[in-house]
Amino acid sequence: MTDVYQKDKVYEGPKLNAYPHEELGVVRGRAKDPLKYLQATEQRARERQVAIETVKILRKSVIECYRKEGVNHYENCKKEAQDYYDVIIKKDIGQLHPNWQDPKKFDGWS
């Protein structure tokens with residue numbers, strides 16, 4: 001069987017909060033709490049991957065709609081295109097970030 005007959009798998013659970021992240025300490029650049037630092041780093045990596053896959057799924061839905069609707073895609077694919085646009089204009093495509101003490105810090109893509 002192909003995946004045409006299967007429903008799309010979508011996670012509908014709650015969104016996770018960021019781990020409490022502590023910035024690097026002043027003593028030789030070591031983290032104040034290494035466990036919290038590693039957990040926050042791992043969670044940022046997972047969130048980045050989830051954000052990338054979300055964009056891929058939305059892009060695929062827009063392409064499928066455009067192909068299905070043909071010349072009428074301007075009218076019939078507005079919702080899919082708007083959902084895709086709303087995600088890609090966010091900073092880091094909606095990825096979760098810790099609260100930095102210094103707001104000028106930049107972590108991720110522009």
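Buried means under 20% relative accessible area, exposed means over 50%, and partly exposed lies in between (1.4 Å probe, protein chains only). The views below come from a predicted model, in which local features need pLDDT of at least 70, side-chain atom pairs count only at pLDDT 80 or more, and totals for chains, interfaces and linings use all residues. Residues are numbered from 1 along each chain as its sequence is written, and side-chain values use heavy atoms, leaving out hydrogens and water.

**View A. Tyrosine Y85 on helix 3.** Y85 sits in helix 3, residues 78-88 (helices are DSSP runs of H or I, at least four residues, numbered from the N terminus). With 46% relative accessibility, Y85 counts as partly exposed.

View B. Beyond its neighbours within four places in sequence, V55 is in contact (heavy atoms within 4.5 Å) with Y84, V87, I88 and I93.

**View C. The disulfide of C65 and C77.** The structure holds one disulfide, a pair of cysteine sulfur atoms within 2.5 Å. The sulfur atoms of C65 and C77 are 2.0 Å apart. Because C65 lies in helix 1 and C77 in the loop between helix 2 (73-76) and helix 3, the pair ties together parts twelve residues apart in sequence. Both cysteines, C65 and C77, are buried.

Notes: Helix = DSSP H or I, 4+ residues; strand = E, 2+ residues; numbered from the N terminus.
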